[in-house]
Amino acid sequence: RAGTLAFQLENLSEGPHTFRAEIADAAGNRGSISGDFTLNVDIIPPTIGNAVAITGYRDDQEPNVGEFCADEPTNDTSPLLLGSVSGLNSGDVLLIFGGPNTGGIPLGQATLDGLGGWSFQLNGLAEGSHTFTAVIADAAGNRGTVSGSFTIPVDLTPPTQGNAVEITAYRDGVEPNVGDFNSGVPTNDSTPLLVGTVSGLQPGD
C-alpha cells in the first residue's frame, strides 16, 4: 500500500528537533527508515539588540516637495515612508502596518538599503489621517520590536470655503513716485512690494 502519513507534534521547545519515520510490521520488526528531518523551532520574538523608527516621508507632489516629519500634511496620496533600523539578524525583515500597533492592517515589507535605512511606498491614501508602524520580524514570523506611531495627514481639499484674498495695491519705493498704487499704474521700481487683504485662513494656511 502507498499513501501519506501525518503525526501531530506537541510542545516542541526552542531549538532544532530531528525526526525519522520507520516502517514496522505487525510483529514489531523494524524495516525501512526515512532520512533525518529537522525542524528549527523559533518562538522568541526579535526584541533584543535591535531598533526601528519611522523618521519621515517623502512627498513628490507639487507644491510642497521634499521630506517631511510626522503630522505635517500632504496632498500626495502615494508618499514614500522612510526610516532607520539596526541590529537585524539574518532572515529578519521589516513589516509595515497601517494602524497604531501590530494589530493594524499589514501593508507589506519595507525595502532595506543596507546602510541602516529603509523605505516603503504607500499608495492610494484617502483624505484624512493615516497612522503607521514598522515592526521587526524574524524568519519564523515572530514579530518583535515595534517603532513609534507615525501619522501622515492627507489633505486633498482646496481651501476655497469661507475665505477671501485680494491684491489691493503695490508699494513703490523709488523716486519720484513713492507710495501705494493701484493695478495698472506704471512704476520705475523693479522691486515693488505687493500688498493686499486676506480673511478666513485656517491653521496651517
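# Terms and values, checked one by one

Me: Where is Leu201 in this predicted model?
Reply: Leu201 is placed in the segment after β17 (193–199).

Me: What makes Val165, Val198 and Leu201 a nonpolar patch?
Reply: A patch takes residues with over 30% relative accessible area and no salt bridge, and nonpolar side chains are joined within 5 Å. Val165, Val198 and Leu201 form such a patch on the surface, and their accessible area together is about 310 Å².

Me: Why is Thr160 called exposed?
Reply: Exposed requires over 50% relative accessible area. Thr160 has 53%, so the term applies. Thr160 sits in the loop between β14 (150–154) and β15 (164–172).

Me: What makes the pair of side chains of Thr160 and Gln161 a polar contact?
Reply: The limit for a pair of N or O atoms is 3.5 Å, and residues adjacent in sequence count only if both atoms are side-chain atoms. Here the contact runs from side chain to side chain at 3.4 Å, so the distance is within the limit.

Me: How far is Thr160 from Asp60, in sequence and in space?
Reply: The two are 100 residues apart in sequence, and their C-alpha atoms are 23 Å apart.

Me: What makes a set of residues a nonpolar core, and which residues have the most contacts inside the largest one?
Reply: The members must be buried residues of the nonpolar kinds, joined through side-chain atoms within 4.5 Å. The largest core has 19 residues, and Leu81, Trp118 and Ile152 have the most contacts inside it. At least two residues of this core come from each of β5 (51–59), β7 (80–86), β8 (93–98), β11 (117–121), β12 (128–137) and β14.

Me: Which residues does Leu81 touch?
Reply: Leaving out residues up to four places away in sequence, the contacts of Leu81 include Ile54, Tyr57, Ile96, Trp118, Phe120, Phe132, Phe150 and Ile152. Gly56 and Ser119 are also among them.

Me: Why is Thr145 called buried?
Reply: Buried means under 20% relative accessible area. Thr145 has 17%, so it is buried. Thr145 belongs to strand β13 (residues 143–146).

Me: How many salt bridges does the whole structure have?
Reply: A search finds four. Side chains of opposite charge can pair when their charged atoms come close.

Me: What makes Asp180 and Arg171 a salt bridge?
Reply: The N to O distance is 2.7 Å, again within 4 Å. Asp180 is partly exposed at 44%, and Arg171 is partly exposed at 39%.

Me: What is the omega of the cis peptide bond from Glu62 to Pro63?
Reply: Omega is near 10°. Pro63 is in the loop between β5 and β6 (66–68). The bond from Glu175 to Pro176 is also cis, with omega near 10°, and Pro176 lies in the loop between β15 and β16 (179–181).

Me: What is the phi of Asn11?
Reply: Phi of Asn11 is near 55°, a positive value in a residue other than glycine. Asn11 is in the segment before β1 and, with a relative accessible area of 77%, is exposed. Asp71, not a glycine either, has a positive phi of about 70°. Asp71 lies in the loop between β6 and β7, and its 53% makes it exposed.

Key
Residues are numbered from 1 along each chain as its sequence is written. This is a predicted model: local features need pLDDT of at least 70, side-chain atom pairs count only at pLDDT 80 or more; totals for chains, interfaces and linings use all residues. Side-chain values use heavy atoms; hydrogens and water are left out. Patches are made of residues with over 30% relative accessible area and no salt bridge: like charges are joined within 9 Å, nonpolar side chains (Val, Leu, Ile, Met, Phe, Trp, Tyr) within 5 Å. Accessible areas come from the Shrake-Rupley method with a 1.4 Å probe; for residues, only the protein chains shown count as cover. A salt bridge is a side-chain nitrogen of Lys or Arg within 4 Å of a carboxyl oxygen of Asp or Glu. Helices (H or I, at least four residues) and strands (E, at least two) are DSSP runs, numbered from the N terminus. Buried means under 20% relative accessible area, exposed over 50%, partly exposed in between (1.4 Å probe, protein chains only). A polar contact is a pair of N or O atoms within 3.5 Å; within protein, one must be able to donate a hydrogen and the other to accept it, and residues adjacent in sequence count only if both atoms are side-chain atoms. Contact means heavy atoms within 4.5 Å.
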